[in-house]
Amino acid sequence: MTAPPFRKVLIANRGEIALRIARTCRELGIATVAVYSTPDRDSAVVRFADEAVHIGPAAPRRSYLSMPGPIEAALRCGADAVHPGYGFLSEDPDFATVCAANGLTFIGPRPEVMAGVGDKAKVRELMRAAGLPVLPGSDGAVPTVAEAGQVAAEIGYPLVVKAAAGGGGRGIGVVRSAAELPRVYRETVALARAVFGDGEVYLERYVDRARHVEVQVLGDEAGNVVHLGERDCSLQRRNQKLVEEAPSPGLDDRTRAALGEHAVAGAKAVGYTGAGTMEFLVDHAGTVTFMELNARIQVEHPVTEALTGIDLIREQIRIAAGLPLSVKQEDVRATGAAIECRINAEDPEADFRPAPGLLEVFDVPGGPWTRVDSGFVRGDSVPPYYDSLLAKLIVWAPTRAEAIARADRALSEFAVAGPGVVTTIPLLRRLIGHPVFAAGEHTTRFVHELLEAGP
């Protein structure tokens with residue numbers, strides 16, 4: 001039997017992604033250490049992991065976002081690597097540097113690469129230099145409203161003001177006229193300072209009614225980079241994804257091939273290692289433009305796993321251990337269609353207000369080619385302090401129509417109830433059952449327009 005790449009991995013995260021990482025580690029023969037805040041003391045990953053360490057109270061800044069907690073826990077437990085999951089410290093180059101300084105392997109890109117791609121204004125220039133199509137916009141950050149006005153006059157309206165350090169769909173303000181620009185600029189700067197600790201913003205042309213298509217890439221220390229195909233993430237509300245699928249409906253072979261080539265070229269241009277995602281917009285004419293590079297595992301990574309059979313967490317761990325990619329580009333085979341539905345504890349009828357509470361009922365669906373990733377079981381409480389994601393439902397089928405039918409069947413089986421708990425399940429069934437989605441004609445505006453139209 002081949003020796004595991006690491007002896008023990010500390011998982012610096014919570015919820016479904018922490019449990020997801022722990023499961024692959026166990027299959028690889030790697031021991032795991034979970035960390036938890038006070039309200040997460042009885043969570044599923046705490047019960048599953050080999051060890052668990054309390055790192056602080058509920059507030060993320062005093063637990064999951066505080067570097068000393070996971071670092072001290074890793075050293076105390078004898079871990080030799082740290083997996084950050086997504087969110088929290090996953091794209092913090094300082095955390096990766098501190099891990100290395102303490103002899104811990106950070107399972108992700110090198111700190112200098114993360115720092116480079118984390119500045120979304122600068123990465124636009126890197127991608128432009130690498131030959132990728134980039135939307136017209138500012139050359140780097142725009143420090144004042146007056147300069148924003150000058151840039152806007154050059155690129156035209158509508159446009160978006162974006163936080164240079166943004167991510168996860170936050171820190172994006174759409175501007176449709178010159179009169180709106182000062183207000184949106186100041187709001188985005190304030191939000192960027194509050195959420196990301198960095199008030200720098202940049203401007204970019206806004207593409208209305210486009211498709212949001214992203215490409216999964218893997219890169220190893222030897223400079224090998226492959227792509228694993230695309231995911232369509234166009235069903236969004238306020239830039240937050242609700243449903244992802246692969247392959248993207250409506251793409252022709254030429255556009256699909258171009259996306260893969262752009263993704264590999266962009267990843268190579270920055271010396272990317274590990275699992276990453278190149279995000280693009282595709283407009284109604286099929287024109288592709290680069291948006292950003294996310295230096296982490298994505299929430300929607302199971303869609304790619306369902307289509308290719310490649311365990312992305314396993315690949316991340318192998319790459320971090322200095323092993324070569326387990327696949328070459330010609331080995332990647334994507335078959336059928338896969339759909340992921342994000343089930344959040346939110347009330348869509350109340351502007352997606354978080355709706356946490358006690359899960360008195362939490363019955364997940366089964367059936368063929370049906371996967372549920374969750375950090376909760378019946379009897380758990382959904383705390384109000386963190387992301388509202390309850391579970392991810394992922395289905396696969398030979399065709400897209402069959403995958404839609406399977407997703408709807410599985411959603412109909414998903415039973416969640418408890419005091420105060422409301423979920424997005426009814427909205428998800430409405431979205432995937434809509435003729436526009438069935439025809440593959442939806443864009444990033446579809447959810448907004450559907451909700452505006454009413455029930």
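Start at the interface of domain 2 and domain 3, where the rule finds zero salt bridges; a salt bridge is a side-chain nitrogen of Lys or Arg within 4 Å of a carboxyl oxygen of Asp or Glu. The model is predicted, so local features need pLDDT of at least 70 and side-chain atom pairs count only at pLDDT 80 or more, while totals for chains, interfaces and linings use all residues. Residues are numbered from 1 along each chain as its sequence is written, and side-chain values use heavy atoms, with hydrogens and water left out.

**Stop 1: the interface**

Select residues 136–205 for domain 2 and 211–453 for domain 3; domain 1 covers 8–107. These bounds come from an automatic or database domain assignment. Taken over C-alpha atoms, the centres of domain 2 and domain 3 are 27 Å apart. Six residues of domain 2 are in contact with six residues of domain 3, contact meaning heavy atoms within 4.5 Å. Between them the two domains bury about 500 Å², with 28% of it on carbon and sulfur atoms. Buried area here is the accessible area (1.4 Å probe) that two parts lose on being put together, summed over both. On the side of domain 2 that touches domain 3, the residues divide into one nonpolar, two polar and three charged. In this grouping Ala, Val, Leu, Ile, Met, Phe, Trp, Tyr, Cys and Pro count as nonpolar, Asp, Glu, Lys and Arg as charged, and the others, Gly among them, as polar.

**Stop 2: alanine 275**

Select alanine 275 in strand S12, residues 274–282. Strands (E, at least two residues) and helices (H or I, at least four) are DSSP runs, numbered from the N terminus. Alanine 275 is buried, at a relative accessible area of 2%; buried means under 20%, exposed over 50%, and partly exposed in between (1.4 Å probe, protein chains only). Not counting residues up to four places away in sequence, show what alanine 275 touches: Gln216, Val217, Leu218, Ala295, Arg296, Ile297 and Gln316. For a distance check, the C-alpha atoms of alanine 275 and proline 158 are separated by 33 Å.

**Stop 3: threonine 370**

Next select threonine 370, in strand S19 (residues 370–374). Threonine 370 counts as buried, at 17% relative accessibility. Its side chain reaches the backbone oxygen of proline 368 at 2.9 Å and that of glycine 366 at 3.5 Å. Leaving aside neighbours within four places in sequence, threonine 370 is in contact with residues including Leu393, Ile394, Val395 and Arg406.

Aspartate 373 is buried at 6% relative accessibility, whereas arginine 371 is partly exposed at 26%.

**Stop 4**

Aspartate 40 is in the loop between strand S2 (31–37) and helix H2 (44–48), and arginine 14 in the loop between strand S1 (8–11) and helix H1 (15–27). Both residues are buried.

Then select aspartate 380 and arginine 47, whose side chains meet in a salt bridge at 3.9 Å, N to O. Aspartate 380 is in the loop between S19 and strand S20 (381–382), and arginine 47 is in helix H2, 333 residues apart. Aspartate 380 is buried at 12% relative accessibility, and arginine 47 is partly exposed at 47%.

Definitions and conventions:
Polar contact = N/O pair within 3.5 Å; in protein donor to acceptor, adjacent residues only side chain to side chain.
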